[in-house]
Amino acid sequence: MKIAVIHGPNLRLLGRREPEVYGTDTLDDVNGKIAALAADLGLEVETFQSNHEGELIDFVDEASARVDGFLVNPGAYTHTSIALRDALAGVDLPFVEVHLSNPSAREAFRRRSYLSSIAAGVVYGFGVESYLLGLRGLAARIGA
Ligand code: DQA
C-alpha cells in the first residue's frame, strides 16, 4: 500500500514559522517522522509540498493513479479552496486532514474547513503528532 502526504502553502517554512504555534520541527523533520512510522506500518510514502493551489490539485490527480490514500495538511487552503475539495472528492480515495495547530482555537476564519466533511478523518492540535495519528488512521482505513 502506498500513500501520499500533501503539505499546503507555507509549510516549507516550518521550524521558523511562528514556532509558538507550529513548533520547531522543520518540514524535513516532519517528513522524516512520517517516513519512519510509515516504514513501521509497512506503507510506502511519498511527500509533496506546494504553495500553489493548482499544483496541489494537479498532484492529487496525478498521484491518485499510484496511491491508496492521502494525508493532507492543506494549510490556509483548508479555509478557502473548494477546488482542492473537488479534486479530493473527484479522485475518490480516502484522505485524512491534519493540522499542527488547533484551528478551532484560533481566528474565526480558521473554523471553516472545506475538506473536513469529505475526509475519512481529521486530526488537529497535536503538532507533528497530528500527522502521525492521521497516518495511523489512514493506514487502518485503507487496510494496510
Ligand atoms: C495549519 C492551520 C491553517 O489554519 C494555517 O493556515 C496553516 C497551518 C496547521 O497545520 O495548523 O497554514 O494547517
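This is a dialogue on how to read some features of a predicted model.

Colleague: Where should I look for the nonpolar core, and which residues touch the most other members?

Modeller: A nonpolar core is a set of buried nonpolar residues joined through their side chains. In this predicted model, the largest such core has 23 residues, and I3, L71, Y131 and L135 touch the most other members. At least two residues each come from β1 (2-7), α2 (27-40), β4 and α5 (128-142). Helix α5 gives the most, with seven residues.

Colleague: What does L71 touch, not counting residues up to four places away in sequence?

Modeller: L71 touches I3, A4, V5 and I6, then V96 and V98, and also Y131, G134, L135 and L138. Apart from this core lies another one, of 16 residues, which includes L56, V67, L88 and A119.

Colleague: Which residues of α3 and α4 meet?

Modeller: On the α3 side they are E53, L56, I57, V60 and D61, and on the α4 side A83, L84, A87, L88 and V91.

Colleague: How many salt bridges does the structure hold?

Modeller: Side chains of opposite charge can pair when their charged atoms come close. There are five salt bridges here. One of them joins D25 and K33, at 3.0 Å from N to O. K33 is partly exposed, with 37% relative accessibility.

Colleague: Which parts does the salt bridge between R66 and E46 tie together?

Modeller: The closest N and O atoms of R66 and E46 are 2.8 Å apart. R66 lies in the loop between α3 (53-63) and β3 (69-73), while E46 is in strand β2 (residues 44-49), so the pair ties together parts that are 20 residues apart in sequence.

Colleague: Is R110 buried or exposed?

Modeller: R110 has 17% relative accessibility, so R110 counts as buried. The place of R110 is the loop between β4 (95-99) and β5 (121-124). The side chains of R110 and E107 form a salt bridge of 2.6 Å, N to O. E107 is partly exposed, with a relative accessible area of 33%.

Colleague: What is R110 in contact with, leaving aside its neighbours within four places in sequence?

Modeller: R110 is in contact with Y22, H79 and P103.

Colleague: How far apart are L93 and G69 in sequence and in space?

Modeller: L93 and G69 are 24 residues apart in sequence, and their C-alpha atoms are 5.3 Å apart in space. L93 sits in the loop between α4 and β4 and is partly exposed, at 21% relative accessibility. Not counting residues up to four places away in sequence, L93 touches S64, V67, D68, G69, F70 and L88.

Key: Residues are numbered from 1 along each chain as its sequence is written. This is a predicted model: local features need pLDDT of at least 70, side-chain atom pairs count only at pLDDT 80 or more; totals for chains, interfaces and linings use all residues. Side-chain values use heavy atoms; hydrogens and water are left out. Helices (H or I, at least four residues) and strands (E, at least two) are DSSP runs, numbered from the N terminus. Contact means heavy atoms within 4.5 Å. A nonpolar core is a set of buried Ala, Val, Leu, Ile, Met, Phe, Trp, Tyr and Cys residues joined through side-chain atoms within 4.5 Å. Buried means under 20% relative accessible area, exposed over 50%, partly exposed in between (1.4 Å probe, protein chains only). A salt bridge is a side-chain nitrogen of Lys or Arg within 4 Å of a carboxyl oxygen of Asp or Glu.
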